[in-house]
Amino acid sequence: MANTLKPAIRGMDTFHSPRHSAVVRITHWITAFSFFALVVSGAAILLAHPRLYWGETGSVETPSLIDLPLPFVLVGQSGWGRSLHFVSAWACVLTGFFYALSSLLTRHFSRDLLPVRGDLAWEPLSRAVLNHLHLKWPMEEEPPTYNVLQRLVYLAVIFILFPLIVATGLAMSPAITSVVPALVEVFGGYESARTVHFFLASSLVIFLVVHIAMVCVTGFASRMRAMITGYHTGRKVQT
Amino acid sequence: MSAFITRRRLITTGLAVTGAASLTVASRLADKYGLVPPDHDGIYGVGERLTYAAHRLLMAGRSYAREFDRADISKVARVNGAPPENETYQRLLAGGFAEWRLTVDGLVAHPSSFSMAELKQCPSRSQITHQACEEGWSFIAEWTGVPLSHVLNLVGVHPRAKYVIFFPIDTVFGIADQPKDKIRWDSLDMAEAWHPQTLLAYRMNGRELPTGNGAPLRLRVPRQLGYKSVKYLSRITVSDTVKNIGKGYGASGPEFGYSWYAGI
């Protein structure tokens with residue numbers, strides 16, 4: 001019953017092996033869609049006031065930390081940005097909780113994402129970085145595990161960027177901080193939390209761009225198939 | 001094998017039924033305990049309901065908007081939007097608001113009206129709080145006024161009351177009590193209305209409330225975004241529903257797509 005991802009032999013020159021569990025696939029796609037909605041609506045919210053400040057307060061009459069080279073636009077004048085941002089944030093956060101809980105129970109984190117013993121040493125780490133810089137990365141036929149850089153980046157996204165972007169989002173809520181004032185104080189104030197939220201979002205967008213680029217160059221069809229069907233299928237390369 | 005499928009089907013069906021039943025129960029309970037905002041239509045309404053219910057549960061205990069020191073007060077309290085251009089407002093402004101009165105009516109034991117002098121005789125409260133606009137800018141100012149709870153106690157609120165509704169000067173009440181277009185009216189639930197930091201403010205930073213900031217009297221709701229703090233107040237109505245006003249969303253903002261609940 002648990003072993004629905006049983007490997008199947010399809011012939012000598014092809015392989016068909018389990019890659020992603022159902023929980024990983026479903027939460028991946030819900031997160032992908034809600035993150036896309038969060039970026040679009042976040043941009044709409046930012047355009048209402050594309051200036052960033054540090055501290056508690058800031059407005060057009062005060063000095064800014066950064067003036068983003070964007071126009072001041074109320075996109076559509078309807079507040080849809082905020083509404084879409086919140087409904088997709090709920091979808092993303094609830095999915096994230098489900099994923100984290102299930103990954104702890106199924107040991108997905110410790111099995112697939114924690115760097116393998118020995119991989120955190122200087123030599124294997126620098127080799128992985130050099131391989132990436134030389135545009136040499138695992139191709140379709142290689143064993144379906146994550147390399148040390150992937151593991152570190154996924155862990156950083158899941159356990160650092162994601163919790164921090166939720167915390168800075170909540171820090172901008174006067175209702176939430178009326179119960180937990182420390183939440184906004186640790187970031188140095190309301191406007192600081194807003195600025196940090198922007199940079200965290202930018203980091204996540206950069207992660208997404210690299211993630212999609214890597215999927216494309218390492219075999220778009222086979223990676224997409226794996227994240228949809230759960231199976232990694234391909235032709236073996238004769239060595 | 002068939003026994004296995006039956007058991008699995010049983011479990012799945014059981015889970016689906018339990019899920020549907022608990023959703024129905026949750027929705028009934030949420031309604032009963034005032035955890036549903038008046039604007040909860042459509043796909044965005046799902047987010048509105050979750051946020052509002054989560055905040056109300058979280059804020060059931062101790063919950064005070066942060067207060068600051070005098071040194072933190074912003075040099076500029078940014079004014080958003082011009083004061084009303086209508087004749088009534090201009091006439092009251094020219095007369096130093098001597099003829100202005102605040103009407104309090106609806107589900108109350110003693111419908112009343114207050115002059116500014118009468119409001120200033122009530123116990124006052126000063127608080128230095130942060131105010132953020134939904135757009136992202138913000139300032140800190142000191143606000144002085146009478147707690148809304150004091151006025152509500154004076155008029156005696158009916159136990160059936162669920163909302164306190166705020167109208168600015170020169171809201172024209174025509175057929176069926178409908179405020180005319182382009183009037184910024186709003187409402188609070190009773191938890192926010194009774195909260196000690198919810199003020200009817202007549203002073204800002206130690207001076208009379210400036211015209212642009214809402215003279216003669218404005219609402220200050222420091223646990224929500226700035227747009228809930230209605231300026232130029234003239235009437236407060238206590239009610240058990242907001243369905244009969246405008247489109248029934250509890251404020252003018254949601255009629256354009258903005259949210260009634262702005263604790264964010």
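**Chains A and B**

Author: Of the 239 residues of chain A, 25% count as buried (20 or more other C-beta atoms, placed from the backbone, within 10 Å of the residue's own). This is a predicted model: local features need pLDDT of at least 70, side-chain atom pairs count only at pLDDT 80 or more, and totals for chains, interfaces and linings use all residues. Residues are numbered from 1 along each chain as its sequence is written, with chains lettered from A and ligands numbered from 1 in the order in which they are written.

Reader: How many helices and strands in chain A?

Author: Nine helices and four strands. Helices (H or I, at least four residues) and strands (E, at least two) are DSSP runs, numbered from the N terminus. The pattern along the sequence is β-α-β-β-α-α-α-α-α-α-α-α-β.

Reader: At what angle do α1 and α2 of chain A cross?

Author: Roughly 155°, with the axes of α1(A) (residues 22-47) and α2(A) (residues 80-105) coming within 8 Å. Axes are lines fitted to C-alpha atoms, for helices over the stretch in contact, and angles run from 0 to 180 degrees between N-to-C directions. α1(A) and α2(A) are therefore roughly antiparallel (over 145 degrees).

Reader: What residues make that contact?

Author: Val23(A), Ile30(A) and Phe35(A) are among those from α1(A), and Leu84(A), Phe98(A) and Tyr99(A) among those from α2(A). Contact means C-beta atoms, placed from the backbone, within 7 Å. By class, there are 13 nonpolar, ten polar and one charged residues. Ala, Val, Leu, Ile, Met, Phe, Trp, Tyr, Cys and Pro count as nonpolar, Asp, Glu, Lys and Arg as charged, and the others, Gly among them, as polar.

Reader: Switching topic. How many residues does each chain give to the A–B contact?

Author: Chain B gives 35 and chain A gives 30. On the chain B side, α2(B) has the largest share, eight residues. That side divides into 17 nonpolar, twelve polar and six charged residues.

Reader: And what is the strand order in the open sheet of chain B?

Author: β2-β1-β10-β5-β6, with mixed pairing. Strands pair if DSSP finds at least two bridges between them. β2(B) (112-115) and β6(B) (186-189) each have a single partner strand, so one side of each has no neighbour in the sheet. Neighbouring strands are turned by 20° against each other on average, direction ignored.

Reader: How many bridges join β1 and β10 there?

Author: Four, and β1(B) (residues 101-106) and β10(B) (residues 233-239) run parallel. Thr103(B) stands opposite Arg235(B) in β10(B).

Notes
A residue is buried if 20 or more other C-beta atoms lie within 10 Å of its own, exposed if 12 or fewer, and partly exposed in between; C-beta atoms are placed from the backbone. Angles under 35 degrees count as roughly parallel, over 145 as roughly antiparallel, 65 to 115 as roughly perpendicular and the rest as oblique. Two residues are in contact if their C-beta atoms, placed from the backbone, lie within 7 Å.
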